[in-house]
Amino acid sequence: MSSKMPRQFPSPTANGDPFDGIPTDVTFQIMGFETSEEKTSGQEKEVMLGEVTAHKVILGAFSPVFKRGFFGPVKDVKDVILVKQTTLEAFQLMINFVYNRDIDWNIMTVLELYDGVNLAEKYGLPSLMEEIKIKIENIPLTLEGLMDVAHPAAQFVQFPAVSDALLIKCAKFLKEKLATSPKILKYVANLSGSGQEVTIVKLLSLMDMQDCENCNQEECQNGKLLKSMDKFIPGCKLAVNRGCTGWGANGSKYVDYVFTVIAVTGPQSVTLTNNFAKPWPGQQAFGIGYQNIPYFVYKCD
């Protein structure tokens with residue numbers, strides 16, 4: 001049996017937080033900057049954004065950084081600790097996660113989530129890192145709000161495990177929504193002067209790198225012939241080659257159907273399923289050509 005302690009301490013009681021009524025012994029003062037009221041000066045002054053209280057022993061149990069800081073040979077004996085270069089929301093998120101409290105992820109911005117990633121890295125909390133990574137990867141995308149997601153990801157390149165997947169997701173979404181060059185150019189032009197130019201260039205470069213999801217080719221092969229067995233990739237969608245007298249040019253009943261590759265079953269044989277479930281149910285094996293003319297073309301649209 002594993003001797004490792006689970007992440008959760010006592011489950012919430014009927015009265016709520018099980019740690020209610022137990023005095024906290026450390027207060028974190030989250031420091032940040034606010035712009036001076038004198039707009040002409042453009043100066044910022046450091047202020048306290050808020051306070052977060054906790055129990056040293058609980059933080060030390062979950063974080064090796066807190067453990068060293070509170071209980072190590074050079075422990076910090078202060079009861080009030082200043083925290084800089086983060087936000088109040090992100091620090092509270094980290095504390096809530098450690099205490100197994102309910103977290104409303106939906107109200108958090110992408111930037112706040114990345115602040116949480118930064119804190120998870122700083123304080124050695126891999127479970128928090130993984131939880132935020134999952135939340136970020138599942139953020140719904142819209143064309144109007146795409147840069148609000150992609151721009152923070154491009155700024156936090158020091159966390160490739162989180163940012164790379166999100167940027168690729170954004171690039172794929174942009175490619176799907178802006179399928180033609182004129183639409184892409186218009187979208188890029190609208191971002192001119194936004195301060196997000198570097199991010200859109202990054203997305204455009206990733207769009208060029210994305211293989212077609214159907215044919216797995218960098219340049220989409222839609223409508224092109226499948227001339228060899230290595231092209232029949234499971235999951236790939238196909239249509240009949242209308243130039244093949246085997247069943248295309250002669251107007252057979254298969255000519256308008258879409259097929260999906262199931263498996264390569266022989267040197268010149270492939271198993272397909274008909275996406276229209278007719279004229280046969282299930283799967284059926286076919287050759288790949290007739291009189292050296294391929295039966296199939298890619299169906300990527």
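1. Starting with S63: setting aside neighbours within four places in sequence, S63 is in contact (heavy atoms within 4.5 Å) with Y123 and L125. S63 sits in the loop between α1 (56-62) and α2 (64-71); helices (H or I, at least four residues) and strands (E, at least two) are DSSP runs, numbered from the N terminus. S63 is buried, with a relative accessible area of 2%; buried means under 20% relative accessible area, exposed over 50%, partly exposed in between (1.4 Å probe, protein chains only). Its side chain reaches the backbone nitrogen of F66 at 3.1 Å.

2. Some ground rules. This is a predicted model, where local features need pLDDT of at least 70 and side-chain atom pairs count only at pLDDT 80 or more, while totals for chains, interfaces and linings use all residues. Residues are numbered from 1 along each chain as its sequence is written, and side-chain values use heavy atoms, with hydrogens and water left out.

3. Helix α4 (residues 110-122) has 13 residues and spans 18 Å from first C-alpha to last, close to the 18 Å expected at 1.5 Å a residue (the expected span is 1.5 Å times one less than the number of residues). Its buried residues are V110, E112, L113, Y114, D115, G116, V117, L119 and A120. They pack against α3 (88-98), α5 (126-137), α6 (146-155) and α7 (160-177). Just after α4, G124 takes a positive phi of about 65°.

4. On to the cores. A nonpolar core is a set of buried Ala, Val, Leu, Ile, Met, Phe, Trp, Tyr and Cys residues joined through side-chain atoms within 4.5 Å. The largest one has 59 residues, and those with the most contacts inside it are F28, L59, F91, M94, I136 and L203. Beyond its neighbours within four places in sequence, I136 is in contact with L113, Y114, V117, V162 and L166. A second, separate core of 22 residues includes F232, L238, V240 and W247.

5. Which rings pair up? Rings of Phe, Tyr and Trp (its six-membered ring) pair if their centres lie within 6.5 Å; planes under 30 degrees apart count as stacked, over 60 as edge-to-face and the rest as tilted. By this rule there are eleven aromatic pairs. One is F232 with F296, edge-to-face at 6.1 Å centre to centre and 85° between the planes. F232 lies in the loop between α9 (197-209) and β4 (237-240) and F296 in strand β10 (residues 296-298), so this pair ties together parts 64 residues apart in sequence. F232 and F296 are both buried. Y295 and F296 have ring centres 6.0 Å apart and planes at 75°, so they are edge-to-face too. Elsewhere, ring pairs link F28, F66, F70, F71, F91 and Y123 into a cluster.

6. Two strand residues to look at. Q29 is in strand β1 (residues 26-35), and its side chain makes a polar contact with that of E51 (3.0 Å). That term covers a pair of N or O atoms within 3.5 Å; within protein, one must be able to donate a hydrogen and the other to accept it, and residues adjacent in sequence count only if both atoms are side-chain atoms. S269, in strand β6 (residues 269-274), is 37 residues from F232 in sequence and 9.9 Å away in space, C-alpha to C-alpha. Not counting residues up to four places away in sequence, S269 touches M229, V264, A285 and F286.
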